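Subject: Structure for your review

Dear colleague,

I am handing over the structure we spoke about, and below it you will find my notes on what turned up. Please read them alongside the coordinates.

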Amino acid sequence: MAIKSAKEYIESLRELKTRVYMFGEKIENWVDHPMIRPSINCVAMTYALAQDPQYAELMTVKSSLTGRTVNRFTHLHQSTEDLINKVKMQRLLGQKTASCFQRCVGMDAFNAVYSSTYEIDEKHGTHYHENFKKFLTYVQDNDLTVDGAMTDPKGDRSKSPSQQVDPDMYVHVVERREDGIVVCGAKCHQTGSINSHWHIFMPTIAMGEADRDWAVSFACPTDAEGMYMIYGRQSCDTRKLEESADIDVGNAKFGGQEALVVLDHVFIPNEYIFLNGEYEFAGMIVERFAGYHRQSYGGCKVGVGDVVIGAAALAAEYNGVEKASAVKDKLIEMTHLNETLYCCGIACSSQGFRTKAGNYQIDLLLANVCKQNVTRFPYEIVRLAEDIAGGLMVTMPSQKDFSSDTVVGRNGETIGEICNKFFAAREGVSTEDRQRIMRFLENMCLGAAAVGYRTESMHGAGSPQAQRIMIARQGNIQGKKQLAKEIAGIQ
Ligand code: SF4
Ligand code: FE
């Protein structure tokens, strides 16, 4: 099967028996649930753009495994050009959805697990790489969305997986059988879990010999027996449940999605296992996956940033201040910050290198610098957007007030008329358009979408300290000291 359409993707989700819980209850029709559907629409966009002739060149690519045309989200990067195109594709998706479109975690898992399994087999004589190639061929041929699951709950951070009071704090093997393994545990704040067809589970930290049972990586279908998800809530999320929810939601079409994913004695057949006890490779998978995902943020967050900057510029225009030099300068600053992030995404891609397995890995130092900047710049961009927009983005009455027929005025004016009178924008701009842009900015800066643009910028793909550790490791201070010594004439 070639590339799926957006509609086929959405319909394919209905065939799964995925177990989803929200507000303490099981959600039967989660595909059409108003709080979940926007995140499904986002992933659907990765399918829609692949079928759009305007974007097909960026969105599709020839598979290195089969030679067939596949969605780039399922591709193994074959060159630095592929790595650059990945970032460009993510920027495009960010521009089209203003949200986290979730499918990248799987793409980053494919590339990390592909190169790591090759090296595990090389040392241990295992067959993980063949297992993985077979699995990925199936994914590409069926154009599946696969989630890459890494972050365990971790319990007491001062203790390793094997030292935890509760062994489930990290995903682990509880039984080894002839035909496979049984696993228990969970992954936290897992992006794009519910709307993926399959999951790839990976370790979340480097491990020692005692952690052998926790050093495990495998693929499993999202509706596997024993697996379920508890949906993560977002700021202002229940606005999506309101009658005729639209303007007040800020972005009614798209959104991100995170969940707690639980594995309660899930059986994994041998053919889907990619790591099983070779603890010394846990760190390699983590480092490679994190490297790719830190590169990713130099694309996706930039695309979302483009929309935030555009919205701030519109807010200024509607308020009649777009010509003020202070406003212009703030927009320049926002653009400068946003493009700096893009520079980092492109730079770590262009300096990528070929792994032993043949796919391309990004430059680790530059990818970590990229993500470190992402932990800061979107916050400044949002601060400037709020500055330009003004307080109205958080003080405006509801959509219902603007359309209310209830009489409040001395001369019979309705609530709707009063709201439209006092919140009128400059001449030629409708009050509704002003409402829309203010609510959009509210959503991006501190509503549901702020999960994807702010806190995810901080903690997604690893918290700031994780990048600082990598920067310290890759920064080559010794080499820099030597440079100084030579110039300064120190023996
Ligand atoms: Fe993709 Fe960005 Fe979401 Fe990660 S945060 S899944 S890179 S859109
Ligand atoms: Fe993320």
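This is a predicted model: local features need pLDDT of at least 70, side-chain atom pairs count only at pLDDT 80 or more; totals for chains, interfaces and linings use all residues.

Residues are numbered from 1 along each chain as its sequence is written, chains are lettered from A and ligands numbered from 1 in the order in which they are written, and side-chain values use heavy atoms, with hydrogens and water left out.

Serine 244 lies in the loop between strand E10 (227-231) and strand E11 (258-269) (helices, H or I with at least four residues, and strands, E with at least two, are DSSP runs numbered from the N terminus). Its phi is positive, near 45 degrees, although serine 244 is a residue other than glycine. Glutamine 102, likewise not a glycine, has a positive phi of about 65 degrees; it belongs to the loop between helix H4 (80-97) and helix H5 (104-124), and with 4% relative accessibility it counts as buried.

Glutamine 102 is also one of the residues around ligand 1, among which are Cys100, Phe101, His293, Tyr297 and Glu456 (a residue is near a molecule if one of its heavy atoms lies within 4 Å of it). By class, this shell holds five nonpolar, four polar and two charged residues (Ala, Val, Leu, Ile, Met, Phe, Trp, Tyr, Cys and Pro count as nonpolar, Asp, Glu, Lys and Arg as charged, and the others, Gly among them, as polar). Helix H7 (residues 282-319) contributes the largest share of the shell, five residues.

Turning to the cysteines, a search of the whole structure finds zero disulfides (a disulfide being a pair of cysteine sulfur atoms within 2.5 Å). Cysteine 344 is in no disulfide, and the nearest cysteine sulfur, that of cysteine 370, is 5.0 Å away; cysteine 344 is buried, with a relative accessible area of 12%. Cysteine 445 is in no disulfide either, its nearest cysteine sulfur being that of cysteine 236 at 12 Å, and cysteine 445 counts as buried at 1% relative accessibility.

With best regards

How values were computed:
Buried means under 20% relative accessible area, exposed over 50%, partly exposed in between (1.4 Å probe, protein chains only).
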